[in-house]
Amino acid sequence: MKYLTTIGLEVHVQLKTRSKMFCGCPTGPGAPPNTQVCPVCLGYPGTLPVMNGEAIRLTVMTGLMLGCAISPYSKFDRKNYFYPDMPKNYQISQFDKPLCLGGSVEIDAGGGAVKAVRLTRIHLEEDVGKCIHQARRSGVDFNRAGVPLMEIVTEPDMETPDEAFAFLLALKQMLLYLGVSDCNLEEGNLRCDVNCSVRPEGQAELGTKVEIKNMNTFKGVHVALQYELDRQLEAVRTGERIVQETRRWEPEAGATAPMRSKEQAHDYRYFPEPDLMPVVLPPAQVEAWRAALPELPRQKRERFAAQYGIPEYDARVLAAQKAVADYFDEAARGASNPKLISNWVMTEMLRRLAEREMDIRDCKVTPAALRELAALAEIQAINSNTAKEVFAILFEQGGDPAAVVRERGWGQNSDGDAIGALADRVIAENAKSADDYRRGKEAALKFLIGQVMRLSQGKANPQMATEKLVQRLGRPGGTG
Amino acid sequence: MGSLNTLTVRQAVDHLEQGACSSEELVRDLLSARTALDGTIQGYLQMDGERALAEARHADADRKKGRRGRLLGVPLAVKDILNVTGQACRCGSRILDGYTAPYDATAIARLRAEGAIFVGRTNMDEFGMGSSTENSAFGPTRNPWNSACVPGGSSGGSAAVVAADMALAALGSDTGGSVRQPAAFCGCTGLKPSYGRVSRYGLVAYASSLDQIGPLTKDVDDAALLLGVMAGPDPRDSSSVEALVEDYAAACGSDLKGMKLGLPRDYFVKGLEPAVEAAIRAAIERCRELGAEVVEVSLPHTSVAIPTYYIVATAEASANLARFDGVRYGFRAEGAEDVLEVYAKTRAQGFGPEVKRRIILGTYVLSGGYHDAYYVRAQKVRTLIRRDFEDAFKTCDAILAPVAPTAAYRLGEKMADPLQMYLGDIFTVPASLAGICGLSVPCGFTPAGLPVGLQVLGPAFGESRVLRVGSAYQKSTDWHRRRPALAAEGGR
Ligand SMILES: [Zn+2]
């Protein structure tokens, strides 16, 4: 029998706000434990939360970008459970009235196909602290407690680990586009819970759902899903019953292990947070935010093709990542031939960045430098091989391309008299090849051009060398 | 001078401004009154005399330097549930042993900005859960009128120290009657402002949607003065409201001409002690004489207010008190092997029986399968109770009612039967659920010599109205000036 696999994700995104969700404490990473805390985020007796409006705005902007319906009325709830990293032993979250409903994310489903993964909802909640276990005791760092988290919940629309991976990449790309999160995985800016199940082909309802909690790398999600779906497929093939449960991914073992079953599941006893007023968003506010949405990948793609006259494919590649798109946009603006800029970015630039696993924002070749380099090559001040070498130098050291060419004496020679003299010398020294060409042997000309280039140490303008040789040999050879 | 402790806040302010006494002298008299009386009453949990005197001298020095302030140098007592920087704040509980407040509650900060000093912390039912102050982990407070009786609660310590002239005035908090009822039992004035009128920031939460800070004072004018300083929106409390803060002192007039006062027939029912009813009826007559028109009103959902309150309040409390886990501050039990044991032992040893009862009740009403039957339904009933009052205030300006069905009862009398204790809140809880304001003023005594309180209820943010009624009533009566014999002895 054939089996279908189904995957849904809950992604927690740390929002890029200056202060925490309910107090004025900073949110930056790397501070010593418990130095970004105050009575409010430590849950001291008598303190009250006050909503950070920026967290609401960023969540709604995300919802608008992903095509969600924005709730005109939304509220916060207390989610009750005990854990040492929770200052109040309840988490302020949103239960039945989230800020955003619906929406979708387009993913690359392989082979150029595009698939829309539907979203269930996006809500806002506060992060918890972090337990630090030492040999004989444990401590808690509350720096992260109260940092705003946006939870994006998908429908079970993905079918393979590849699709889940593609979803996470696409989502991250969109979030970076909007600038709502740094999406820094090392710092835990993006974490997710994975739901998956298997069912026989032809069966309508989904199989028993298993949740894998707290994944913090995209690759981890991929391998954990591969393992877990294989485990479930093996189980159903051998007639074993799959239990609804929460599991954890253990990277060392390369396996998932049970955490708790449905019977042990928490009863969170949600109830409306009495310390916060409901969030009422007037349509005018939502529309103002919608109007402030930045240009998104699809719009950028279309604009690049129209404005710079580059092919659809190039536009898609360049628009995929916001940083690359911004770089290209800046370099291409004012360039005489944007297509050349696009070629440079898509080939040399992306290849070298990939080799070094570098971000384009850290690249030493400035957009202005790239534009100048492309121009030098276009007017044939340098030949194309030299241009690549200049790029390599700029990539390592930065600087001005014209200066690099000058300092190294790499300027292309387009002096007609000098190249004419070289042509004379080559014809005199290679009479046989000259005759061959005159008799119609096309390949002979290429050899002669090569000799001119050799004598000029590669600096001669190849087109001019060709012209001078043909002039002197009397009649054009071949059909071109 | 020797009897500055008997002054009202306004009298003390006048004395201080005219140089008739210093803040230091005021505090000294309070300290002697406490020494004389509090061994019996046990109204204070803590009073650092040296520190209080130092702050008083500081205020006196400030005055010499030209500083002004509506309460400059006025000593106030504070219920143990409000955070005052540098002071313990134990909420009448063992679980906050060792906790020192690192910040001022907003109400405290506003009073401090006007020059008030905070001289002592008063006893209370643990976390505000109780109506007799017998649920304090530090032993009960006794009623100054009869030390065999309870002072009411949960702000029983605050009411007792004001009634016994061990304080000029005190702050309390009212969740289901915790300011109004002890004020009635001890014969002082107590005001529960409308929900949102005074910032809750720094008030340790029992039931967040009900809690309000309120003053316990010797007369209505003092309540108006303290409310005027504390009231108004606070950016640290999202539930505080922008509604206009009126000139409450100016609202305190001397007649009731043109006012319509409502009598809820649902409050004059079986179970109302005859002596209490007689005192209330006489007070109503007096209001009529002062020019008010008295009309009957109906509050039909009164009978379901108690169960509604015990669902809403305990549900919120079960979450609010979850933070007391021994991890970050306060008491932590010894000998726990893992974190679950830290929680279990700390909470088992740190909380008293009534707090545990309410946490369990609140956890139960929110739990899966019961949530809709209890919590959701209680919220609906709460809406009905709110509407009762909205409808009633369409036909009257304020409502007159008893504060409690009985006067103070004897210690231990109701401890064995929590339900009986809960029913004592029948006349105060509806106003709390509706979020409206209420004032308790002394209006007589039972034959046993125990005070009776008249409750004046007003619409949300209608504090001016209840203060006007209370003030006019007090200007034509002297119940509020009577002092227990115990206090008189102590004044020597
Ligand atoms: Zn903080």
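A crossing of two helices is called left-handed if the near helix is turned anticlockwise from the far one by less than a right angle, and right-handed if it is turned clockwise.

Residues are numbered from 1 along each chain as its sequence is written, while chains are lettered from A and ligands numbered from 1 in the order in which they are written.

**Confidence**

The predictor gives the complex an ipTM of 0.95 and a pTM of 0.88. For single residues there is pLDDT, the predictor's confidence in each residue, from 0 to 100. Chain B has a mean pLDDT of 96, with 99% of its residues at 70 or more. Please take care with residues 487–492 of chain B, where pLDDT stays under 50. Where pLDDT is low, the predicted coordinates should not be read in detail. The model has 13 contacts beyond four places in sequence for residues 487–492 of chain B; two residues are in contact if their C-beta atoms, placed from the backbone, lie within 7 Å.

**Domains of chain A**

Chain A is assigned domain 1 (3–287), domain 2 (295–397) and domain 3 (416–473), with bounds that come from an automatic or database domain assignment. Between the C-alpha centres of domain 1 of chain A and domain 3 of chain A there are 69 Å.

**Where the chains meet**

Chain B brings 33 residues to the contact, and chain A brings 25 residues. On the side of chain B that touches chain A, the elements giving two or more residues are helix H10 (305–320), helix H11 (339–350) and helix H12 (353–366) of chain B. Helices (H or I, at least four residues) and strands (E, at least two) are DSSP runs, numbered from the N terminus. The largest share, three residues, comes from H10(B). By class, this side of chain B has 17 nonpolar, nine polar and seven charged residues. Here Ala, Val, Leu, Ile, Met, Phe, Trp, Tyr, Cys and Pro count as nonpolar, Asp, Glu, Lys and Arg as charged, and the others, Gly among them, as polar.

**Helices that pack together**

Two packed helices are described by the angle between their axes and the distance between the axes. Axes are lines fitted to C-alpha atoms, for helices over the stretch in contact, and angles run from 0 to 180 degrees between N-to-C directions.

| Helix pair | Angle | Axis distance |
|---|---|---|
| H1 (residues 53–65) and H4 (residues 283–291) of chain A | about 70° | 10 Å |
| H9 (residues 367–378) and H11 (residues 401–408) of chain A | about 55° | 8 Å |
| H10(B) and H13 (residues 371–395) of chain B | about 125° | 9 Å |

Angles under 35 degrees count as roughly parallel, over 145 as roughly antiparallel, 65 to 115 as roughly perpendicular and the rest as oblique. H1(A) and H4(A) are therefore roughly perpendicular to each other, and their crossing is right-handed. In this pair, A:Arg57, A:Val60, A:Met61 and A:Leu64 of H1(A) meet A:Val286, A:Trp289 and A:Arg290 of H4(A). That contact counts five nonpolar, no polar and two charged residues.

In the second pair, A:Ala369, A:Glu372, A:Leu373 and A:Leu376 from H9(A) meet A:Pro401, A:Ala402 and A:Val405 from H11(A). Six of these residues are nonpolar, none is polar and one is charged.

**Two backbone details**

B:Gly153 and B:Ser154 are joined by a cis peptide bond with omega about 5°. B:Ser154 sits in the loop between strand S3 (117–122) and helix H5 (156–163) of chain B. In chain A, A:Cys183 has a positive phi of about 50° although it is not a glycine; A:Cys183 is found in the loop between helix H2 (161–178) and strand S12 (190–200) of chain A.

Terms used: Predicted model: local features only at pLDDT ≥ 70, side-chain atom pairs only at ≥ 80, totals over all residues.
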